[in-house]
Amino acid sequence: MSVHTFTLTASLGTDAATAEVWQQLKAAPPAGCTYVPEVYSQTPGLRCEREASTRLEAVFGVVGEVHASHGLLLDDLGVEKLSEWICDGIGQPDGPTGTYAADIAAQALLLAIDRLRRLGHGADGIKAFTDLALGRPLTT
């Protein structure tokens with residue numbers, strides 16, 4: 001297991017309901033996380049250090065805990081250009097399977113989950129779409 005350090009926030013900003021959740025997270029952040037009052041302009045977040053087998057496991061563990069306990073989907077890891085996937089690792093010290101690549105994959109997946117939820121799809125529907133995209137038949 002490795003310790004993974006990352007910062008999470010909600011990409012669509014803060015309204016009155018999420019402001020209350022952020023106050024709760026400020027008072028009692030998930031284990032291994034600290035509240036950050038301003039990750040971006042007027043956007044709070046969590047700075048986390050989590051021990052896990054993979055970076056994705058560490059990130060999704062925090063995302064799942066916050067969503068289950070507060071209803072807030074943290075979908076932003078601070079990746080500004082999701083299209084900057086570098087297949088051969090040129091220019092990235094950790095290569096195509098390292099931290100940067102994992103952050104891009106995690107943020108893309110979290111953004112997709114958030115948008116699908118906004119379109120009315122729940123966890124079962126999102127899983128079904130993923131299975132379908134991977135060539136598995138839909139089950140009813």
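A search of the whole structure finds one disulfide, the term meaning a pair of cysteine sulfur atoms within 2.5 Å. The bond joins Cys-33 to Cys-48, with an S to S distance of 2.2 Å. The torsion about this S-S bond is about 110°, so the disulfide is right-handed. Cys-33 lies in strand β2 (residues 33-40) and Cys-48 in strand β3, so the pair ties together parts 15 residues apart in sequence. Cys-33 is buried, at 7% relative accessible area. Cys-48 is also buried, at 0%. Buried means under 20% relative accessible area, exposed over 50%, and partly exposed in between, with a 1.4 Å probe and protein chains only.

The model is predicted: local features need pLDDT of at least 70, side-chain atom pairs count only at pLDDT 80 or more, and totals for chains, interfaces and linings use all residues. Residues are numbered from 1 along each chain as its sequence is written, and side-chain values use heavy atoms, leaving out hydrogens and water.

Now the overall layout. The protein chain has four helices and three strands. From the N terminus on, the order is β-α-β-β-α-α-α. Helices (H or I, at least four residues) and strands (E, at least two) are DSSP runs, numbered from the N terminus. Of the 140 residues, 33% count as buried. Among contacts in the chain with a separation of 6 or more, 61% come from residues 24 or more positions apart. Contact means heavy atoms within 4.5 Å.

Next, the interior. In soluble globular proteins, nonpolar side chains tend to be buried together. A nonpolar core is a set of buried Ala, Val, Leu, Ile, Met, Phe, Trp, Tyr and Cys residues joined through side-chain atoms within 4.5 Å. The largest one here has 21 residues, and Phe-6, Leu-8, Leu-46, Val-59, Val-62, Leu-72 and Leu-74 touch the most other members. At least two residues each come from β1 (2-8), α1 (16-27), β3 (43-52), α2 (55-70) and α3 (99-118). Helix α2 gives the most, with five residues.

Two residues show the packing in detail. Leaving out residues up to four places away in sequence, Leu-8 touches Trp-22, Gly-45, Leu-46, Val-59, Val-62, Val-63, Leu-74, Asp-76 and Leu-77. Val-66 sits in helix α2. Val-66 is buried, at 1% relative accessibility. Val-66 and Pro-29 are 37 residues apart in sequence, yet 8.7 Å apart in space, C-alpha to C-alpha.

Then the pockets. On a 1 Å grid over the protein atoms alone, a pocket is an open set of points where a 1.4 Å probe fits, with protein on both sides within 12 Å along at least five of seven lines; lining residues have an atom within 4 Å of a point. Grid points are joined across faces, edges and corners, and a volume is the space filled by probe spheres set on the points.

The largest pocket has a volume of about 250 Å³. Its lining has 15 residues, and Thr-18, Leu-72, Leu-73, Asp-114 and Arg-118 lie nearest the centre. Helices α1 and α3 each supply at least two lining residues.

The second largest pocket holds about 170 Å³. Its lining includes Val-63, Leu-73, Ile-113 and Thr-130. Two or more lining residues come from each of α2, α3 and α4 (123-133). Helix α4 has the largest share, four residues.
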